[in-house]
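Ligand surroundings come before the overall fold.

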Amino acid sequence: MVPDPEALRAHFAEPPADIALEDIELEGVPRHISCIMDGNGRWATARGLSRGEGHKAGIVSLQEVITAAVRLGVEVLSAYAFSTENWSRPKAEVNLLMRLFAKTFLEELPLLRRENVRVVFLGDLSALPSAIRETFEYGLAECEGHTGMVLALAVNYGARAEIARAARALALEVAAGERDAGSVTEDALAAHLYTAGLPDPELVIRTSGELRLSNYLLWQVAYAEFYITDTYWPDFDRWDLLRAIASFQGRDRRFGGLSA
Ligand code: IPE
Ligand code: IPE
Ligand code: MG
């Protein structure tokens, strides 16, 4: 799915020395790219700025990656914005992040409309402050009917909680006699995850050099390729996205079999 070759070329005009649009195969762009957006705080600290400024700069990177992904014909872009463990941060930072998410979602509605982006949330929104949850619900309603790239935003997301929630739902269905235990298959479980209906990520990008998943999409990344860059998320741009895709395309994905 490569929507508009001209818009794509224009978007990736003036490349840096080491990467260009021609370095990737457009037919082989991953259907689902997932970003663990890390390093906002360190980016800010390195510049003598507050962590909040880092998070604001991180939003600009996300906007950049959303547009680039749409141009490249990515089907699903997911992004880890707030983990179930991030509640352990100082209250002021948590509040700032929540307000920033809500404000940005409202401000970006025109972009989401222009680019026909469908938005879904991964995670338990019921635990969010009500004003934030209501803003998300309003934004989701505004995006209804969009048919283009899916933007899956992981907010108050934890993979273990997600899997436990799916297991609970299946257990209730068995207890209610709606299904028998033998029907609890991989597909049945996947259909009860927040990502139900979405293809699994093929490429997971983590910025800021951390070599861990931090409780992200544990089920869905079973055969994903990982791309870790030392670049802090606020510095991550369209060219970094191309670098990640080029690296992905150089991999030998065997899925337990032998090389093709
Ligand atoms: C990622 O940046 C954003 C969130 C987790 C919300 P961090 O805030 O984790 O930045 P570092 O890791 O402290 O640099
Ligand atoms: C992972 O980043 C979560 C998000 C990017 C939202 P963290 O900064 O919270 O991860 P850890 O604590 O370094 O594992
Ligand atoms: Mg971090």
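**Ligand 2 and its surroundings**

In this predicted model, ligand 2 is surrounded by Ile36, Met37, Asp38, Tyr80, Ala81, Phe82, Asn86, Arg89, Arg206, Arg212 and Ser214.

*Shell of ligand 2*

- By class, the residues of this shell are 5 nonpolar, 2 polar and 4 charged.
- Strand S2, residues 76-83, gives the largest share of the shell, with 3 residues.

- The side chain of arginine 212 places an N or O atom 2.8 Å from an oxygen atom of ligand 2.
- For aspartate 38, a side-chain N or O atom is 3.2 Å from an oxygen atom of ligand 2.
- Arginine 206 has a polar side-chain atom 3.3 Å from an oxygen atom of the ligand.
- On its own, ligand 2 has 390 Å² of accessible area, and the protein covers 78% of this.

*Shell of ligand 1*

- Around ligand 1 are Met37, Asp38, Gly39, Asn40, Gly41, Arg42, Arg51, His55, Ala81, Asn86, Arg89 and Leu97.
- These residues divide into 3 nonpolar, 5 polar and 4 charged.
- Helix H2 (40-46) and helix H3 (51-72) each contribute at least two residues to the shell.
- H2 supplies the largest share, 3 residues.

- Arginine 89 has a side-chain N or O atom 2.7 Å from an oxygen atom of ligand 1.
- A polar atom in the side chain of arginine 51 is 2.9 Å from an oxygen atom of the ligand.
- Glycine 41 takes part through its backbone, with an N or O atom 2.9 Å from an oxygen atom of ligand 1.
- Ligand 1 exposes 380 Å² when taken alone, and the protein buries 87% of that area.

*The chain as a whole*

- The secondary structure of the protein chain consists of 9 helices and 6 strands.
- Along its principal axes, the C-alpha trace spans about 60 × 50 × 35 Å.
- The radius of gyration of the protein chain is 19 Å, which agrees with a compact globule, because a globule of 260 residues would have a value near 18 Å.

Notes. Residues are numbered from 1 along each chain as its sequence is written. Chains are lettered from A and ligands numbered from 1 in the order in which they are written. This is a predicted model: local features need pLDDT of at least 70, side-chain atom pairs count only at pLDDT 80 or more; totals for chains, interfaces and linings use all residues. Side-chain values use heavy atoms; hydrogens and water are left out. A residue is near a molecule or strand if one of its heavy atoms lies within 4 Å of it. A polar contact is a pair of N or O atoms within 3.5 Å; within protein, one must be able to donate a hydrogen and the other to accept it, and residues adjacent in sequence count only if both atoms are side-chain atoms. Accessible areas come from the Shrake-Rupley method with a 1.4 Å probe; for residues, only the protein chains shown count as cover. Helices (H or I, at least four residues) and strands (E, at least two) are DSSP runs, numbered from the N terminus. Ala, Val, Leu, Ile, Met, Phe, Trp, Tyr, Cys and Pro count as nonpolar, Asp, Glu, Lys and Arg as charged, and the others, Gly among them, as polar. The radius of gyration is taken over C-alpha atoms; the globule rule is 2.2 Å times the number of residues to the power 0.38.
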